[in-house]
Amino acid sequence: MLMDINMFIHQKENQYRLHLRKDQCIVFSNYLYLHSRTKFPKDSQRTLFRFWF
């Protein structure tokens with residue numbers, strides 16, 4: 001079953017990609033969404049904030 005889920009989530013037609021511009025952020029619930037991110041350029045600064053509520 002895990003292999004099937006993995007195959008499903010890696011198919012492009014089952015993905016929605018967001019392209020954030022500088023100084024933009026996104027907030028969503030980890031309980032509601034299966035998510036990941038693409039690579040960050042090595043020369044860019046990544047800031048990650050976590051909020052628990």
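The model is predicted; local features need pLDDT of at least 70, side-chain atom pairs count only at pLDDT 80 or more, and totals for chains, interfaces and linings use all residues. Residues are numbered from 1 along each chain as its sequence is written, and side-chain values use heavy atoms, with hydrogens and water left out. The protein chain has one helix and zero strands. Of its 53 residues, 0% count as buried.

**Fold and dimensions**
- Helices (H or I, at least four residues) and strands (E, at least two) are DSSP runs, numbered from the N terminus.
- The helix α1 covers 2-9.
- The radius of gyration of the protein chain is 14 Å, whereas a compact globule of 53 residues would have one near 10 Å. That radius is taken over C-alpha atoms, and the globule rule is 2.2 Å times the number of residues to the power 0.38.
- Along its principal axes, the C-alpha trace spans about 35 × 30 × 15 Å.

**Annotated span**
- An unreviewed UniProt entry carries the annotation "domain: TauD/TfdA-like" for residues 5-52. UniProt positions follow the numbering used here, feature names are shortened, and annotations may be inferred rather than shown by experiment.
- Residues 5-52 are 10% helix and 0% strand, and their end C-alpha atoms lie 27 Å apart.

**Surface**
- The accessible surface of the protein chain is about 6,500 Å², and 58% of it belongs to carbon and sulfur atoms. Areas come from the Shrake-Rupley method with a 1.4 Å probe; for residues, only the protein chains shown count as cover.
- Buried means under 20% relative accessible area, exposed over 50%, and partly exposed in between (1.4 Å probe, protein chains only).

**Largest pocket**
- The largest pocket has a volume of about 2,300 Å³. Of its 40 lining residues, Ile26, Phe28, His35, Ser36 and Arg37 are the closest to its centre.
- A pocket is an open set of points on a 1 Å grid over the protein atoms alone, where a 1.4 Å probe fits, with protein on both sides within 12 Å along at least five of seven lines; lining residues have an atom within 4 Å of a point. Points are joined across faces, edges and corners, and the volume is the space filled by probe spheres set on them.
- The lining divides into 19 nonpolar, 13 polar and eight charged residues.

- Asp23 sits in the segment after α1. Its phi is near 70 degrees, a positive value in a residue other than glycine. Asp23 counts as exposed because its relative accessibility is 75%.
- Pro41 also lies in the segment after α1. Pro41 is partly exposed, at 47% relative accessible area.
- Pro41 and Ile5 are 36 residues apart in sequence and 28 Å apart in space, C-alpha to C-alpha.

Definitions and conventions: Nonpolar A, V, L, I, M, F, W, Y, C, P; charged D, E, K, R; others polar.
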